[in-house]
Structure formats: C-alpha cells, structure tokens
Amino acid sequence: MKQSKFTSFILYLGLAIGLMISMFPFYWLIVMSTRTTSDIYQFPPKLWFGGELWNNISRVMTQIDFFGAFLNTLFVATAVTVLVLFFDSLAGFAFAKYEFPGKKILFVILLTTMMVPSQLSLVPSFVIMAELGWVGTFKALIIPGMVNAFGIFWIRQYAEGSIPSELLDAGRMDGAGFFRIYFNVALPILRPAFAFLGAFTFIGVWNDYLWPLIVLTDEKKYTLQIALSQLNGLYNTDYSMIIAGTLLAIIPLIIMFLFVSKQFISDIAAGAIKD
Amino acid sequence: MPVPPKRQLAKEIWKNRAVYTAISPFYLLFAVFGLFPIGFSLYLAFHKWDGIGEMTFNGFNNSSYMLTDPEFWQAVGNTFMIWIYSTIPMLFFALIVAFLLHAPFIRFKTFFRIGFFLPNVTSIVAVSIIFAALFANNYGILNYVMGVFNLPLVAWLDVPWGIKAALSSMVIWRWTGYNAVIYLAGLQSIPTTLYEAAKIDGATGIQSFFRITIPLLRPVILFTVITSTIGGMQLFTEPQILLGNNGGTGGAGMTIVLYLYRESFINNYFGYGATVGWGMFLIIALFSFINWKIVQGPSSK
C-alpha cells in the first residue's frame with residue numbers, strides 16, 4: 001500500500017515540532033550563555049547568539065573552582081562505574097552460569113532490594129556515614145554505590161544468553177577455578193554489555209544531587225551538581241555566568257551520550273519490554 | 001545416598017565458595033547500607049534526636065505530629081498534583097511520538113529517537129536552572145511568547161498553579177522521550193501478522209488499534225505508569241533548585257522528599273525525618289499497588 005504524500009508530511013511535521021520542543025531548552029541555554037546578564041533580563045528576549053561566551057566562562061572559572069568540581073565529578077563517576085562493572089559482572093555471571101545452594105532465595109532477595117526507595121534510609125545512611133567518619137569524603141559517594149542489584153540483574157540476563165556452557169566446561173576441564181574462568185572466558189564475552197551498564201552508571205552518578213548535597217560538606221570536594229546549585233544560590237545576580245556554568249556541566253554528558261546513544265536507547269527499551 | 005544430607009550440603013557450599021565470594025559484595029553492602037539503615041530508621045522514628053545530643057524515646061509523637069502537620073499534607077497533595085499534571089500529558093505525548101516513529105515509511109528513526117531522548121540524560125540541576133529562565137516572571141521567554149499572542153502574562157513562580165505548571169513541565173520535558181522509546185519498542189514487538197489477519201477479517205484501522213495495539217501494549221503501559229509513579233513521588237531536585245528549601249510562595253512547590261530533606265537536614269529533626277521516610281514509603285507502596293490494580297485490572301479476568 002502506498003502512503004499518500006500528505007500523510008507522510010503530517011507525520012514528519014509532528015515529529016519536527018516534537019523535536020523542536022525537545023531541543024529548544026538546549027538552544028536557549030546556549031543563547032543565554034553567549035549574552036550578558038542585562039541582555040538576559042531584557043524584554044523582549046534576545047533570541048540569537050551574542051559574543052559573551054568566553055567572558056561568561058572565564059567568570060565561572062574565577063568565581064568557583066569549576067575545574068576542581070569537574071575533576072571531582074569525573075573521579076567519583078569513573079570510580080563508581082569501574083567498581084560497578086567489576087562487581088556486577090562477577091555476581092551476574094555467577095547467577096547466570098552456576099548452580100549453588102540458596103541460589104533462588106538469594107536472587108529473590110536481590111530483586112526485592114530494588115523496590116525499597118532510597119529516601120527511606122536517607123537519615124540513617126547519613127548517620128552511618130557520620131559514625132564511620134566518611135561525611136565530607138568521596139568514600140561516602142563511592143562505597144555505597146559500588147555494586148547494585150539492577151546491574152547484577154542486567155548482566156545475568158545478558159550472560160545467560162551469550163556465554164556458551166561448553167566454554168565453561170572446557171575451562172573447568174583445564175583445571176581453571178571460578179575466578180580464572182571469569183577473567184579469561186566470561187569477561188571478554190560480557191564486554192558489549194558493559195557499554196550500556198557503564199554509561200548508565202556514569203550518567204547516573206554524574207547527575208546525582210540529593211545524596212552529595214547531604215554528605216559533601218567541604219567545598220573542595222563539591223561535585224559539579226553541587227557547585228552549580230551553589231552558583232545558582234549565591235550569585236543569582238550574575239545570571240549569564242550561572243548559565244555558562246550550566247552549559248559547561250552538561251557538555252561532557254551530552255558528548256558521552258551521543259557516543260553510546262544508539263546502543264543505550266535500545267538497551268533501555270529492551271530492559272522495559274522483557275521482564 | 002551414603003553421605004547424610006547435611007554433610008552433603010556443607011560440601012556443596014564449600015565447593016562453591018568462590019561463587020559465594022563473587023556474589024557477596026552486594027549482600028555485604030546491602031546489609032550495611034540498606035538493611036541496617038531500614039531497621040535503624042524504624043528505631044529513629046520513635047525517637048527525638050537532633051543528630052548530636054541524646055536520643056530520647058518519644059513513642060508515637062513523631063507520627064502523630066506528621067499526621068497533623070498541615071505542611072506535610074500540603075506536600076503530599078502537591079506531590080500528587082504535580083504527578084498527575086505531568087504523568088498524563090507525558091504518557092499521552094509519548095504515545096503519539098511512538099506512533100509517529102512507528103510508521104513504516106518514516107526515515108531517520110535513530111536520529112529522532114536520540115533527539116527525543118537527550119533531555120533524559122541532562123542533569124536535573126541544569127534543567128531546573130534553564131527552566132527557571134524560561135518561566136521567569138518578567139523576562140522569561142514563555143511570558144514573551146504569551147505577550148506576542150496577546151495572552152495575559154503570568155507570574156509563573158509566584159502563583160501556586162504556575163509553580164506546579166513549571167515543575168510539571170520540567171518532568172514532561174525530561175521523560176516524554178524516554179517513555180516514547182519504551183512505547184516504540186512495545187509497538188515493534190507486536191507481530192505484524194496479527195494486523196494482517198485482522199485486515200483479512202475486515203477490521204478497520206481503528207478497530208485493530210483498540211483490539212490489538214492497546215491490549216498488547218498494556219504491560220508496557222503498566223511499566224511506564226509504575227516507573228513514573230515511583231519517580232513522581234520522589235520529586236526533589238526540581239523544586240529545591242527552582243524554589244529553595246521551603247518550596248516557594250506559600251509552599252506550593254513543597255514535595256514530600258523536599259519536606260523530608262528540610263526537616264532532616266536543615267532543621268536537624270533526625271527522628272522526625274525518619275518518620276517522614278516511613279510515611280513516604282507507605283504512600284508509594286499503596287499508590288503503586290492501586291495503580292497496578294487499575295492498569296492491569298480489565299484484561300486479567
């Protein structure tokens with residue numbers, strides 16, 4: 001059956017309007033970060049780019065330790081991502097390919113933990129951090145997040161379908177133990193699944209706000225999100241600077257997302273459809 | 001079996017010690033940062049504590065204070081209203097986008113999916129700062145556009161419904177593409193043979209939409225409703241950045257988690273904060289259950 005030109009025009013028009021709404025705030029962010037603060041406060045608003053971008057960015061750099069906050073975020077997000085990939089793949093592989101007493105009940109416990117909202121334990125978690133002396137340190141951000149149920153579940157699904165049992169048997173015949181088989185056989189096969197889990201974890205940590213807001217007390221340890229919120233609260237007379245900082249803080253995320261986007265989106269969709 | 005079952009089990013466990021080691025980090029971590037805090041928060045909920053001095057037992061004082069505090073109920077009401085204002089349009093738009101993208105002759109599908117998904121990976125702090133500029137009372141672009149169309153200007157961030165509209169629109173903007181991607185995957189998983197068979201039987205497009213598409217999409221819709229319920233009940237960053245710790249004018253943007261945060265970490269009522277955590281948990285559990293019943297209901301006779 002041939003679609004009429006008109007129908008296809010209407011569909012493309014709908015998609016284009018949706019895409020414009022989706023993209024407009026990004027456009028507006030870039031426009032404002034190239035303007036002076038008094039430009040931004042003008043009515044009617046200036047809809048096209050100005051020439052103040054470098055000026056605004058340099059003010060961000062002098063007002064707050066933007067580069068420091070950037071490195072802090074990069075460090076925390078990278079550390080959590082690496083640890084999550086390691087621990088989740090180890091456990092996911094074990095659940096997918098090994099039989100051991102208590103496996104079923106342990107897996108059910110794992111799934112159940114995903115349903116507990118984190119806000120329930122917000123106050124006690126903070127108290128524990130204080131007792132451990134971790135408040136104001138990166139340990140408070142990294143250690144509680146270094147292994148999670150979602151990732152284990154995700155890797156298990158992937159490992160079940162992708163790692164042939166014959167390969168594991170062959171490894172066992174050669175006398176290799178569990179960890180040897182994990183490193184030499186499972187890890188290379190699981191690598192494609194790491195792209196999604198890694199990006200998912202990294203983006204999540206990069207954007208985390210509530211927990212860092214509570215446990216980061218030292219300005220030197222601020223992550224980008226906290227630094228941004230401080231900028232917003234303390235310097236709201238210099239709006240173009242705040243906006244420029246906002247732009248800088250999301251550029252790395254967008255670049256990273258664009259690199260993995262195709263796989264990332266289909267994996268998100270697949271996770272929701274299977275169950 | 002010659003070996004007694006207990007010895008056998010111990011042997012099996014010992015044989016698998018490496019596997020247990022591999023899965024243990026999760027359980028250890030969960031015990032310390034998940035299970036223990038939950039027990040501890042139950043304990044705290046019956047105590048008065050500022051985080052520094054002595055903890056004193058005060059029975060149900062925290063919970064009865066919570067249940068009679070108008071601000072708590074306002075926060076509950078706000079959270080629900082913002083959830084409704086955002087979820088209904090969001091899922092509706094997401095369905096439309098998914099249907100448009102599902103049309104077989106549409107090209108550049110990947111490009112569109114990435115474009116619609118991009119808002120979802122952007123940090124909420126950044127989104128809140130951008131939307132503060134869009135909704136600003138005097139210089140915001142939204143008021144400018146309304147002026148162009150001769151509509152009366154709105155002091156968005158000063159009136160209760162304006163505050164809720166601003167917060168809802170942030171949620172809609174951020175999550176429509178995400179849900180569209182999920183609906184699209186759901187649509188693609190429906191076998192085309194079903195539609196062909198329906199056509200042979202003389203079904204119109206509208207009939208096959210209501211008889212095939214919607215029923216088969218039901219589990220996916222359930223998934224999006226449940227996830228957006230859980231997400232909507234946890235709204236925090238948007239109101240905190242946009243309006244501050246008190247939820248803006250008249251507390252119109254005070255949400256449950258913002259209330260929990262303010263009482264616990266700004267006012268240092270740690271015991272009370274733990275109580276609010278439990279209140280919130282019960283609300284989410286109950287509400288998710290009701291949602292599940294409603295969405296799942298008619299098809300599962």
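In chain B, helix 2 (residues 17-44) packs against helix 13 (residues 270-296) at an angle of about 115°, the axes being 8 Å apart. Axes are lines fitted to C-alpha atoms over the stretch in contact, with angles from 0 to 180 degrees between N-to-C directions; helices are DSSP runs (H or I, at least four residues) numbered from the N terminus. The model is predicted: local features need pLDDT of at least 70 and side-chain atom pairs pLDDT 80 or more, whereas totals for chains, interfaces and linings use all residues. Residues are numbered from 1 along each chain, chains are lettered from A in the order written, and side-chain values use heavy atoms without hydrogens and water.

**Exercise 1.** Determine which residues make the contact between helix 2 and helix 13 of chain B.

*Solution.* 
- Contact means heavy atoms within 4.5 Å.
- Helix 2 of chain B contributes I38(B), S41(B), L42(B) and L44(B).
- Helix 13 of chain B contributes F270(B), G271(B), A274(B) and W278(B).
- By class, the contact has 6 nonpolar, 2 polar and no charged residues, with Gly counted as polar and Ala and Trp as nonpolar.

**Exercise 2.** Describe the interface of chain B and chain A by its area and its polar pairs.

*Solution.* 
- In contact are 85 residues of chain B and 89 residues of chain A.
- The buried area (accessible area lost on being put together, 1.4 Å probe, summed over both parts) is about 7,700 Å², 84% of it from carbon and sulfur atoms.
- F26(B), F33(B) and Y139(B) supply 10% of the area that chain B buries, more than any other three residues.
- There are 12 residue pairs in polar contact, both at pLDDT 80 or more; the rule takes N or O atoms within 3.5 Å, one able to donate a hydrogen and the other to accept it, and residues adjacent in sequence count only if both atoms are side-chain atoms.

**Exercise 3.** Explain why the pair D238(A) and R59(A) ties together parts apart in sequence.

*Solution.* 
- D238(A) and R59(A) form a salt bridge, with closest N and O atoms 2.7 Å apart; the cut-off is a Lys or Arg side-chain nitrogen within 4 Å of an Asp or Glu carboxyl oxygen.
- D238(A) lies in the loop between helix 12 (224-234) and helix 13 (239-273) of chain A and R59(A) in helix 3 (residues 53-63) of chain A, so the linked parts are 179 residues apart in sequence.

Conventions
Helices (H or I, at least four residues) and strands (E, at least two) are DSSP runs, numbered from the N terminus. Buried area is the accessible area (1.4 Å probe) that two parts lose on being put together, summed over both.
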